[in-house]
4 protein chains.
Amino acid sequence: MNTFGRIFSLSLFGESHGETVGVLINGCPAGLPLAAADFAVDLKRRRSGAAGTTPRREADRPLIQSGVWKRRTTGAPILIQFQNENVRSQDYEALRDLPRPGHADFVARTKYGRTHDFRGGGQFSGRMTVALVAAGVVAKKLLGGIQVTACLTEAGGSSDIKGAVAEALREKDSIGGIVECRAADVPAGLGEPFFDSAESLLSHLVFAVPGVKGIEFGSGFGGSRMKGSRHNDVLLDRSGKTRTNHAGGINGGLTNGNEIVFRVAVKPPSSIPREQATVNLRTGKPAVISISGRHDACFALRAPVVIEAAAAIVLADLMLLEQRIPRRLES
Amino acid sequence: MNTFGRIFSLSLFGESHGETVGVLINGCPAGLPLAAADFAVDLKRRRSGAAGTTPRREADRPLIQSGVWKRRTTGAPILIQFQNENVRSQDYEALRDLPRPGHADFVARTKYGRTHDFRGGGQFSGRMTVALVAAGVVAKKLLGGIQVTACLTEAGGSSDIKGAVAEALREKDSIGGIVECRAADVPAGLGEPFFDSAESLLSHLVFAVPGVKGIEFGSGFGGSRMKGSRHNDVLLDRSGKTRTNHAGGINGGLTNGNEIVFRVAVKPPSSIPREQATVNLRTGKPAVISISGRHDACFALRAPVVIEAAAAIVLADLMLLEQRIPRRLES
Amino acid sequence: MNTFGRIFSLSLFGESHGETVGVLINGCPAGLPLAAADFAVDLKRRRSGAAGTTPRREADRPLIQSGVWKRRTTGAPILIQFQNENVRSQDYEALRDLPRPGHADFVARTKYGRTHDFRGGGQFSGRMTVALVAAGVVAKKLLGGIQVTACLTEAGGSSDIKGAVAEALREKDSIGGIVECRAADVPAGLGEPFFDSAESLLSHLVFAVPGVKGIEFGSGFGGSRMKGSRHNDVLLDRSGKTRTNHAGGINGGLTNGNEIVFRVAVKPPSSIPREQATVNLRTGKPAVISISGRHDACFALRAPVVIEAAAAIVLADLMLLEQRIPRRLES
Amino acid sequence: MNTFGRIFSLSLFGESHGETVGVLINGCPAGLPLAAADFAVDLKRRRSGAAGTTPRREADRPLIQSGVWKRRTTGAPILIQFQNENVRSQDYEALRDLPRPGHADFVARTKYGRTHDFRGGGQFSGRMTVALVAAGVVAKKLLGGIQVTACLTEAGGSSDIKGAVAEALREKDSIGGIVECRAADVPAGLGEPFFDSAESLLSHLVFAVPGVKGIEFGSGFGGSRMKGSRHNDVLLDRSGKTRTNHAGGINGGLTNGNEIVFRVAVKPPSSIPREQATVNLRTGKPAVISISGRHDACFALRAPVVIEAAAAIVLADLMLLEQRIPRRLES
């Protein structure tokens, strides 16, 4: 339904080269202080600029169109929009019938037909993540003392991220990376058994981020190679704190009061300047493309704040469901 | 909501040591042939018996209580129940105040209070997966030609699964494993952009399976270490078939017509005969437990058919949403 | 989805002449005292027996199959089943191709095809309301001090209900009626603006009850004929209490702290002993039927407790959403 | 969730005196021709201007911000916005502590606190219906041959609508009315048994329209006073056409192929120029207000196109669910 969340819920809209991208947030409690300035830090973290990020620069000014009055949320739906300003759609005309390998071009055309807005990847673009980051800012404010932080721990398989990016740029290629996200001071008991386990909800939203291909909680894949006697986290006291944290802060789908820890695998971007083989969808003949649009060589560089946002959104919704955030904040 | 799926949707119920466990399926098209015998093969695959699986043996007879008449689905909700017959709750009395390390005992008590039915893990038990397997059987029948298969590729970090299990049993310990799942002949275009990406839905349901701590699609974590030029899957022709399948059959959240491939990390079971340190929740004092209940030393052995079920359920729902399965099957 | 409610949510299952009917309740807070005896009063109110109700007598024993342990809810899904015991399906064999005028027979066959379980109306039967009443009992217990009461104010257009029923029986005919429902001591502010207005949710569930064809809140249809100056309810003080209650306790979709009042129109049952014209669906030829099954001449007699249940279910869900009922009740 | 619909789904946003009001539509099939001009007729029908409607005039220009490219829907979410241009919020400053009798002022303040944007009724304003009408235009285009039409059959209890309005204006008062809606050529079998009955969904959305206090299908309240022998609609042939239409086109919650007919009771507007008693929420003392803002004396005059929109939205969603509208329209 392109809607996520039970109480604090989101719908996204927009396309890479359309008028606008944004998010509609329902269920945000009334009385939360909120102003455009609140978004500055996280939007800047997501914005391009560093080596390895796209030369497309967007101002990313959040237009709060509803749900906020006198710098506080009113309880009504919150619409936040970002105008697309730096659009060069002509870059894409030549690609109409030439699907980029590894990209959504082919499946989008298969699913939606020729009316699909393929420019810049349309609704499949990483551009959409600006809206998720905006919703994450609202979620983080709701979470109060809960700290959600993510960082890139490796890129292109190397912890020397700068070097790996430089090499990819030299080779007209692209690289992926791994993002680690942590949430501290999360109360025990968030999540519902089975279908709405904390892991289910977090992974659901994390896989909505373009380019994510894997997620693991706590010891994750490595933990599947450990013995139970070593993997089991021993409780230190009745608070639920454990000596180790192989569970990544979640047991039986419920948060256990320890730090939530998960890692996310981000694939290398598919749009690269190097020549690549593809097929012309109109003629059926083999073709070669070299992508001249403006793209990230490593969008994993910009992913941590997006993953943080996803985590904060899920936790805010679970906190509301568990009645640990009131539905009205005003004193 | 403990409900999953948009058209073909499930709700689970039951507890490990209660009367019953089962599943209520809504949205199954009318006219599908369905009888108790259809469940035999998959239920047998899930059932215990091999070395490393629990000595608790359940008959697992599926009681189809509604929605089927004259061996065909009627379009009404389908209730499938399994009676719990082989229950030895006294095994758990001693554990009331002693949470097992790595288990949901502590968080369940935190969330639900002392009324929580902790016997055998209650609703957090792996016993619940019998209901998921049953729903998977129905989903597989709906999918017709789409083949979903999963297998255990390693256990305890070793591909010699038998040996790893034997060692764990000798050491009164437990081990995890990795399950690989594949779905062939899936049409292109299943999944919705952003929140209902195919990966989001598959991971959501897979993380609902107790003990799962990681998932990766296609090249997954390994792919995050590849260059884009190598990672991109080159199209061979207009059908969308690609030379490689690093995407695991999904681009931009939509199936691309190639085989869906994902791997799942299953942790070692937390209930082990070895002595373990814990805390007495009543007194707050350190304690030692040795778990005498009947448990799997490696429940990953029984997981493949559960993961298959999860994949089939998601695909059946997406096929209905995409109108590739009719809402009424009878001619 | 055959699922209703955001936190306190229900799914129904079963058929009139199948094995069972029942309800699966999710989201009920842990710690609520609940036992089979709690259902006795409301089930008795719904049961047949009086003149004008069906001679089919069902024991209506609620089997609580999950989610309750030691007479308290555990927080896990609650499955409540009723076995169908007094089934005489042969009554229906003759009707296979003869749709009863005014009944769901024709549309059910159109929608589901010949596999539809038409016996006794299948899932369209008033028998299903036993499950709704059971869920209502749980909801009422959650509501604590909020009193929900409904009664039949007229039958067959007359306030002499006994006389109207006697006449219908004499004439081998059937009659409808009007049910009025009131909920007192409801806090102000329940309901969400627009799509989840209190009226939207109440009407949604009330129209799920077979035979309901109209609903009005407060002054309702009569109010549409009043002037605003008379219709507006004047506030008496800051508590929100009003002198009149033309709004029926709801303004702008939100409860206003006054009594909720609504009236429901129930149609006359379509199954009557009198001869009626229909069409044979196999041959296409006109036919005459006289329905020999066991039916209510006035199921409106049994409707009040069902409407009460619907109201209580909606209010319980809204109270949970508004955090006025905790998610865990145990002290 | 302020979201309605399973496949074709809507979220509304905006406030009467904020920047904007609008709707976000998800699940609209790709390939539907759509341009701003398509909205002109229905928006004009809703707009004020006639005697008895508010002097606030809004241009109501639909800004299609996403989901449409080259005048066709792309399959991506469709955002349609309307700027609020003709706002005179100073009219409301004096009313901050003086809740209008019969209005949502009191409950909104109770629910959301003092941060609620009360200007012009905020999100409770009839202004929101412009967004519903816009979504209705899209739904009607999807419905193709299905004709949905509504008209005002009486106002202030009189069929001389002009006269009734003139009288209300003379008396500085307001009046309500009754809207009748019909949908012809609807296929049989739409709707789901029990919770998603056609009546449940229609009433849910109709009660989301501000000022609606009652709904009845077919014979409705009058039918509750008829005998079954007269109320039952006799089938004429195997097509399902019936001689009478007391069912209003719906049996057992499913459309039966006959015309859908329902009537809606609209209350008189609460904002009237006449002096009215109320209570000052700050001081608790009695007060008198005379409302000087710009208001409709009879918003029922503008309601038919809104009710049509609600009906079309529900039917479009059910048609998609029943696979009678494809998910992709382009040939």
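The crossing of helices H4(B) and H9(B) is left-handed in this predicted model. Helix H4 of chain B spans residues 129-143 and helix H9 of chain B spans residues 304-321; their axes come within 7 Å and cross at roughly 45 degrees. On the side of H4(B), the contact is made by Thr129(B), Leu132(B), Val133(B), Ala135(B), Gly136(B), Ala139(B), Lys140(B), Leu142(B) and Leu143(B). H9(B) contributes Val305(B), Val306(B), Glu308(B), Ala309(B), Ala310(B), Ala312(B), Ile313(B), Leu315(B), Ala316(B) and Met319(B). By residue class, the contact of H4(B) with H9(B) divides into 15 nonpolar, two polar and two charged residues.

Between chains A and B, the contact takes 85 residues from chain B and 85 residues from chain A. The side of chain B that touches chain A comprises 37 nonpolar, 34 polar and 14 charged residues. Strand pairing also links these two chains: strand E10 of chain A (residues 212-217) is joined by three bridges to strand E10 of chain B (residues 212-217). The two strands run antiparallel, and Glu216(A) stands opposite Gly214(B) in E10(B).

The contact of chain A with chain D takes 38 residues from each of the two chains. Five elements of chain A each supply at least two residues of the side that touches chain D, namely strands E2 (9-14), E3 (20-26), E4 (63-66) and E6 (72-73) and helix H3 (105-112). The largest share of this side, five residues, comes from E2(A). The residues of the side of chain A that touches chain D divide into ten nonpolar, 20 polar and eight charged.

Two copies of a chain are related by a rotation about an axis and a shift along it.

Note on methods. Residues numbered from 1 in each chain as written. Chains lettered and ligands numbered in written order. Predicted model: local features only at pLDDT ≥ 70, side-chain atom pairs only at ≥ 80, totals over all residues. Contact = placed C-beta atoms within 7 Å. Nonpolar A, V, L, I, M, F, W, Y, C, P; charged D, E, K, R; others polar. Pairing = 2+ DSSP bridges. Helix = DSSP H or I, 4+ residues; strand = E, 2+ residues; numbered from the N terminus. Axes fitted to C-alpha atoms, helices over the stretch in contact; angles between N-to-C directions. Left-handed = near helix turned anticlockwise from the far one by under 90°.
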